[in-house]
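Visitor: I would like to learn how to read a model such as this one, feature by feature. Could we put the structure on the screen and begin with a single residue?

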Amino acid sequence: MKELWKIIEGWPGYKISNYGNVLSWRIAGSGNKICSKPRLLKQGIGKWGHHRVTLCSHGQMKCFPVQRLVAFHFIGPPAQPWLVVDHIDNDPHNNRVDNLQYLTSRENVLRGNGPPAKNKRKTHCVNGHEFTDNNLKYRFDGYRDCKPCWQKRKAKEKEARFHAHQKAAGEEKP
């Protein structure tokens, strides 16, 4: 695929490529002065490992995630405002347009390698019970338990409350 360039909407003097590179025709530290030879902007790394660039125009500066700029200019604006840009290969440094897609935040998290995604891919609980539709209990915090383990834990909690109540009432003998 050939590297293509588009002017960044609302930021004159800057172009974004379908490879994730950003060019500037602005002279650093000179306000709005334009130079004849563009320079490739250095990209910083955000706290989640994604590339970011800072653009300046008419006295205002704004930091943009590079993947959002590439997706917006080469895929188009997201169909819904809550969609996020996903790296298909899970590499936050690969900002080529053929590696980007819009997803919901939930889909993006579950495609990743973090704890929620790893837990979602599990097929059995720690005690070996299979996670099936009729064997699952969803907790208020979004976690899932298999029903046999959940029932066992609830029985232990009930027994502990019973003994605590007896001890508080002075009925339990040592």
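Visitor: Which residues does leucine 110 touch, not counting residues up to four places away in sequence?

Guide: A contact here means heavy atoms within 4.5 Å, and by that criterion leucine 110 touches Pro116, Ala117, Lys120 and Arg121, once residues up to four places away in sequence are set aside. Before going further, please keep in mind that this is a predicted model, in which local features need pLDDT of at least 70 and side-chain atom pairs count only at pLDDT 80 or more, whereas totals for chains, interfaces and linings use all residues. Residues are numbered from 1 along each chain as its sequence is written, and side-chain values use heavy atoms, with hydrogens and water left out.

Visitor: Where is leucine 110 placed, and how far apart in space are leucine 110 and lysine 120, C-alpha to C-alpha?

Guide: Helices (H or I, at least four residues) and strands (E, at least two) are DSSP runs numbered from the N terminus, and leucine 110 belongs to helix α2, residues 105–111. Leucine 110 and lysine 120 are 10 residues apart in sequence, and their C-alpha atoms are 7.1 Å apart. As for accessibility, buried means under 20% relative accessible area, exposed over 50%, and partly exposed in between, with a 1.4 Å probe and protein chains only; leucine 110, at 26%, therefore counts as partly exposed.

Visitor: How many helices and strands are there in the chain, and why is it described as more spread out than a compact globule?

Guide: The chain has four helices and 11 strands. The radius of gyration, taken over C-alpha atoms, is compared with a globule rule of 2.2 Å times the number of residues to the power 0.38; the chain has a value of 26 Å, well over the 16 Å that this rule gives for 174 residues, so it is more spread out than a compact globule. Along its principal axes the C-alpha trace spans about 90 × 35 × 25 Å, and buried residues make up 29% of the 174 residues. Among contacts between residues at least 6 apart in sequence, 29% join residues at least 24 apart.

Visitor: Which strands form an open sheet with β6?

Guide: Two strands pair if DSSP finds at least two bridges between them. Three strands form an open sheet in the order β5-β6-β7, with antiparallel pairing, and β5 and β7 are the edge strands, each pairing on one side only. Strand β5 (residues 44–45) pairs with β6 over two bridges, and glycine 44 stands opposite arginine 52 in β6. On the other pairing, β6 and strand β7 (residues 60–65) share six bridges; serine 57 has glutamine 60 as its bridge partner in β7, and threonine 54 has cysteine 63.

Visitor: What can phi tell me about the turns and loops?

Guide: Most residues other than glycine have a negative phi, and most peptide bonds are trans. In the hairpin of β6 and β7, which has two residues between the strands, histidine 58 has a positive phi of about 50 degrees. Asparagine 90 also has a positive phi, of about 60 degrees, although it is not a glycine; it is found in the loop between β8 (84–87) and β9 (100–103), and is partly exposed, with a relative accessible area of 34%.
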